[in-house]
Each structure stands twice: as C-alpha cells, then as structure tokens.
Amino acid sequence: METRLKKEDSMALKGVAILLMVFHHCYRSAEKFEGYDIIFTPFRETWIVQYGMYAKICVSIFAFVSGYGLMSGYGKLLKKDNPRNVTKWVGNHIISTMSGYWFVAPICYLVYGIIYGFEFAKWGESRFEKLFYIFLDCIGVSGILDTKSLNGTWWYIGAAVIFIAAVPILVALMERFGVLECLLGLFCFPRIMGLGFLGGRNGYSFLMIVLIGMLCCKYDLFAKYESWKPFQNQRMSQIFKIGLVLFLVVVGVWSSEKIKLSVLWEYKYAVIPFAVILFCVEYIFRIPFIKRVLTFLGKHSGNIWLTHTFVRDWLGNYIWSVKLFWAVPLIICGISIAVSLIINFLKKITGYNTMIQKVLQCMEWGS
C-alpha cells in the first residue's frame with residue numbers, strides 16, 4: 001500500500017504529540033503548579049491553562065499514528081487471504097506494542113520502592129492484594145480493568161491494545177457497510193446505547209481518530225490533499241490551502257473550550273487534532289531542522305511517555321524552581337530523554353529486545 005506519510009513523518013508526529021503531552025501534564029490545571037511562583041509573561045496564566053487543556057489532543061495524535069500504521073500493515077496482510085494471519089497479526093502487534101511497557105513499568109516500581117519504601121499501602125491491605133494489583137499494572141491491564149496504577153498516564157497502553165484489536169473489526173465493518181456508515185456507527189453507538197462520553201481515559205473515546213488514520217492510509221488522503229488544486233493557478237491554490245488549514249487550526253484552539261466535551265467529544269478528539277496533523281505533515285515537516293528534532297523526540301516518545309510524570313513529580317521542587325513556564329516542560333523533556341537513553345542501553349545489554357524478537361519469530365513459526 002503506497003502512502004505519502006513516511007515512517008519519519010509518523011515519528012515526527014509522535015514528537016509533536018509528546019511535546020503536547022508534557023505541556024498538558026504541566027499546565028492542564030492550576031493545581032499542577034500550585035505553590036510555585038511561575039512566570040507566564042508575556043501571556044496570562046489562564047491562557048496557558050487553557051492551552052494546557054487543549055494539548056490533550058496529544059492522545060489523538062498518537063491514536064492517529066497508530067491507526068495509520070496499523071492499517072498500513074493490515075492492508076498488506078489482507079492480500080494473503082488467510083484468516084489465521086489475522087489472529088497472528090493482532091498477537092504480534094500487541095506483544096510488540098507492550099514490550100517497551102513491560103520493561104519500564106517494573107523498573108519504575110523498583111525506583112518508587114527505593115524512594116518511598118516498599119509498603120505500597122494504596123494498593124491494598126494484604127500482601128497478596130498489593131502484589132496482584134502491581135502485577136496487573138506491570139502487564140498493562142490496569143487501565144482496562146480500572147484497577148490501581150503507579151502512573152495515571154499509563155492508561156493509554158490499554159487503549160493501544162484496544163486499537164490493535166479494533167482494526168480488523170473496523171475494516172470488516174467498512175467492507176460490509178461502507179466508510180460513511182462506519183463513521184456514523186462509531187458516532188451513534190454510545191449515544192444509542194445510553195453510554196455517553198466514556199471519558200478521556202477510555203480507548204473508545206479515541207476510536208474515531210484511529211479510524212480517520214486508517215482512512216488516510218487506505219485512501220492516501222495526504223497525497224490527494226497535495227494534488228488538490230482549488231484554483232487553476234498553482235500558487236493561489238497553495239496559498240488557499242495553507243490559509244484554510246491554518247484557519248482550521250486556529251478555530252480548533254479557539255473553540256476547544258466552547259464545545260462541551262461530554263456532548264461532542266469527537267470534535268475535540270478527532271476533528272481538532274486532524275487539522276493539526278494535516279498542518280504539521282504538509283507544512284511544518286517541510287522545515288528540515290524542525291522535522292529532525294521532532295523525529296528524534298518521536299523515537300524516544302514511548303519512554304518519555306512512561307517516565308515524564310515521575311520526572312515532573314520526583315524532581316518537582318528543582319524543576320518548578322526555574323519559574324519560566326516554557327522552560328519547565330523543556331527541562332522535563334530533556335531529563336526524560338536522558339532516562340530514555342538509559343532505558344535503551346539497559347534493553348541492549350540485557351538482551352531484552354533480542355528476546356522479544358525471538359518471541360515474535362516463534363509466533364511466526366508456530367502459525
């Protein structure tokens with residue numbers, strides 16, 4: 001399946017997402033920096049908090065990249081026309097996706113125990129109960145089962161598994177009923193069933209943007225956008241298109257708090273972020289230096305996601321003492337990158353990545 005969104009573009013999108021995520025986890029509410037004398041000049045504190053909430057679209061960008069990448073691989077799989085391949089494909093992707101988490105989560109528990117003691121009081125009263133909940137968290141199902149977790153941001157690993165499992169189902173639904181019907185079904189299902197908004201930590205809330213990512217891959221929508229000429233004059237067409245996308249991004253920022261999330265979460269979690277994704281892919285990533293920086297961040301985005309809140313909280317007194325609002329997220333990112341390099345080094349010397357590859361190969365041979 002030929003597409004215009006290359007691997008480095010996907011990595012750069014992850015870089016954008018991780019920057020937004022760190023900013024979101026620093027400024028999504030005034031409580032995050034309460035007690036610290038943060039300097040917001042030349043902006044107002046309320047503006048930064050509002051943008052911190054808007055930056056929640058980071059999850060949608062990750063979900064879009066997942067949908068795009070999964071559809072690319074699944075499209076190739078469909079050509080083999082073997083039903084057993086679907087189960088193998090889902091299993092391989094789940095193991096590959098969760099392998100990084102399985103390595104980092106126990107290390108975080110170990111460090112937490114060294115710093116705060118190994119009592120883990122909030123995980124339960126009995127030793128068995130504590131170990132059981134820690135085990136569920138370390139294998140990545142605490143978000144799905146709604147059990148206790150060392151890190152609230154780890155809920156996304158469960159959502160990633162849902163996205164993988166959903167791709168074959170969504171493809172089958174599109175083939176059976178059509179694309180528009182599938183989009184409408186995702187929109188209507190929670191409303192018809194009386195479920196409503198399932199929350200910002202629920203995989204279903206982001207299935208719409210996953211599906212949009214799948215459609216961008218399946219129909220090569222980025223290439224279609226590039227070839228679209230609203231006017232006969234090439235230059236006028238380019239000016240119009242960049243103006244249109246910029247307008248959509250600005251409207252998204254402005255309207256982010258105007259639309260009630262519990263009523264129309266697809267707007268916040270799918271429409272708004274897609275405008276940002278399109279703007280980045282078509283315009284921002286054309287600047288080589290920016291793309292290189294974002295791609296580098298994207299390569300470390302998994303480890304940064306898993307560890308950055310620990311950096312923020314465990315080193316909070318030192319980091320927030322910098323006071324400059326823009327410097328705090330950058331420092332957290334910098335330290336998290338250093339931690340990521342250490343994690344990758346540990347994976348290498350322990351042979352962890354090699355072991356995971358052997359497991360995946362065994363699954364191939366056993367199919």
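## Exercises on pockets, a cavity and a helix pair

The largest pocket has a volume of about 1,500 Å³. This is a predicted model, where local features need pLDDT of at least 70 and side-chain atom pairs count only at pLDDT 80 or more, while totals for chains, interfaces and linings use all residues. Residues are numbered from 1 along each chain as its sequence is written, and side-chain values use heavy atoms, with hydrogens and water left out.

**Exercise 1.** Describe the lining of the largest pocket.

*Step 1.* Start with the terms. On a 1 Å grid over the protein atoms alone, a pocket is an open set of points with protein on both sides within 12 Å along at least five of seven lines, a cavity is a set where a 1.4 Å probe fits but cannot get out, and lining residues have an atom within 4 Å of a point. Grid points are joined across faces, edges and corners, and a volume is the space filled by probe spheres set on the points.

*Step 2.* Now find the residues: 42 of them line the largest pocket, and Met-11, Lys-14, Ser-66, Ser-96 and Thr-97 lie nearest its centre.

*Step 3.* Look for the main contributor. Helix α3 gives the largest share of this lining, nine residues; helices are DSSP runs (H or I, at least four residues), numbered from the N terminus.

*Step 4.* Sort by class: 16 are nonpolar, 20 polar and six charged. Here Ala, Val, Leu, Ile, Met, Phe, Trp, Tyr, Cys and Pro count as nonpolar, Asp, Glu, Lys and Arg as charged, and the others, Gly among them, as polar.

**Exercise 2.** Which classes line the second largest pocket?

*Step 1.* The second largest pocket holds about 580 Å³ of space. Of its 22 lining residues, Val-16, Leu-19, Leu-20, Phe-23 and Tyr-51 are the closest to its centre.

*Step 2.* Its lining has 21 nonpolar, one polar and no charged residues.

**Exercise 3.** What lines the largest cavity?

*Step 1.* The whole structure has one cavity of 30 Å³ or more, and the largest cavity has a volume of about 40 Å³.

*Step 2.* Its lining is made of Leu-186, Phe-187, Tyr-204, Ser-205, Leu-207, Met-208, Trp-265 and Glu-266.

**Exercise 4.** Which residues make the contact between α7 and α8?

*Step 1.* Contact means heavy atoms within 4.5 Å. Leu-170, Leu-173, Met-174 and Phe-177 of α7 meet Val-179, Glu-181, Cys-182 and Leu-186 of α8.

Notes. Helices (H or I, at least four residues) and strands (E, at least two) are DSSP runs, numbered from the N terminus.
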